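Please open the model in your viewer and keep the selection tool at hand. The tour below goes from stop to stop, saying at each one what to select and what can be found there.

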Amino acid sequence: MRAAQRFQPRHLQEGDRVNPLFFPDWIDGPFHPRYFARQLGGNHPGVLRQAMTAPANAIVRAPRHLGDEAATLSVAALTAWAALTDAALQPGQTIVAIGSGGVALFALQFARMFGVRAIAVTSSAHKVPQLLAAGATTAVDSRAHPDWGMEVMRLTEGVGAHLVLETGGSATFSESVRALAPGATMAMIGYVSGPLLEMDLRQVFIAKRARLHGHTVGNARQFDAMNRALEAHGIVPLVDSVHPFVDAAAAYRRLASGANVGKVLVKLD
């Protein structure tokens, strides 16, 4: 059997906009724990700075139709892309995106591209119009429907979701399981409400025959494929607000408020 060809980044020219990899060493293939040794904004300096350098194989060309919005792609967008592509979705199937964070919003935008139905789950009813505009086919108010997993089953006529992007953690996990179709995938992405779970293994693996798939953003090959797709479909990330570099603290305050719908950008003066 011929060995798989290693990913080769596209040729870059002076002046090209580029995106850095969250894991600079993860170029292709499956994830390896050694990649945790260097991650931007974790144990390696992040990108909130006026200038930075990166190896050529640790950057990918940004979509040509994007301006400053391209800065939103390196983490949330790539995580959503990896979740949808790894789930091998088929047109007409259903995904569930929880909340209005970056991963959820990108998943809604990608759903249209993939030809799948997207159900948004939110505890903020006033955000429903924005979620529908982003790409949700319908939205479920989790305050009105605390058993929203059953509401997903009703909306899908008893079939359930073929992919749930689980970003809530302990407060949402049981309903995410309830929302799954048999043989479906739960993409484990975040744990806003806490990382510790109480799980009925029979419900997840026997009754649902579900697959739990953990995600840690994505590699350079996936990033390049995503950017090509964004460019081909003309998709523009949703931006909530833009703040000057000299007042980057305002961006953090906006994030902390929880009022944003879309990414919060910091722009050099």
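Two strands are said to pair if DSSP finds at least two bridges between them, and the strands themselves (E, at least two residues), like the helices (H or I, at least four residues), are DSSP runs numbered from the N terminus. This is a predicted model, in which local features need pLDDT of at least 70 and side-chain atom pairs count only at pLDDT 80 or more, while totals for chains, interfaces and linings use all residues. Residues are numbered from 1 along each chain as its sequence is written, and side-chain values use heavy atoms, with hydrogens and water left out.

Begin by selecting the open sheet of 6 strands, whose order is 5-4-3-6-7-8 and whose pairing is parallel. At its edges are strand 5 (138-141) and strand 8 (211-214), each of which pairs on one side only. From one strand to the next the twist averages 20°, where axes are lines fitted to C-alpha atoms, for helices over the stretch in contact, and angles run from 0 to 180 degrees between N-to-C directions.

Next, select strand 7 (residues 180-188) together with strand 8: the two run parallel and are joined by 4 bridges. Within this pair, Met188 stands opposite Gly214 in strand 8.

**An enclosed helix**

Move on to helix 4 (residues 148-155), which is largely enclosed by the rest of the structure, because 6 of its 8 residues are buried; buried means under 20% relative accessible area, exposed over 50%, and partly exposed in between (1.4 Å probe, protein chains only). Which residues of helix 4 are buried? They are Trp148, Gly149, Glu151, Val152, Met153 and Leu155, and what covers them includes strand 3, strand 4, strand 5, strand 6, helix 5 (173-179) and strand 7. Helix 4 is followed by Glu157, whose phi is positive, near 55°.

Arg209 lies in the loop between helix 6 (201-207) and strand 8, and its phi is near 50°. Val217 is found in the loop between strand 8 and helix 7 (220-233), with a phi near 60°.

Select Val60 in strand 2 (residues 59-61), a buried residue with a relative accessible area of 4%. Leaving aside residues up to four places away in sequence, Val60 touches Arg17, Val18, Asn19, Ala220, Phe223, Asp224 and Asn227. The C-alpha atoms of Val60 and Leu12 are separated by 8.5 Å, although these residues are 48 apart along the chain.

Finish at Ser241 in strand 9 (residues 239-244), which is buried, with a relative accessible area of 16%. The side chains of Ser241 and His243 are joined by a polar contact of 3.0 Å; a polar contact is a pair of N or O atoms within 3.5 Å, where, within protein, one must be able to donate a hydrogen and the other to accept it, and residues adjacent in sequence count only if both atoms are side-chain atoms. Not counting residues up to four places away in sequence, Ser241 also touches Arg254, Lys263, Val264 and Leu265.

Key. Contact = heavy atoms within 4.5 Å.
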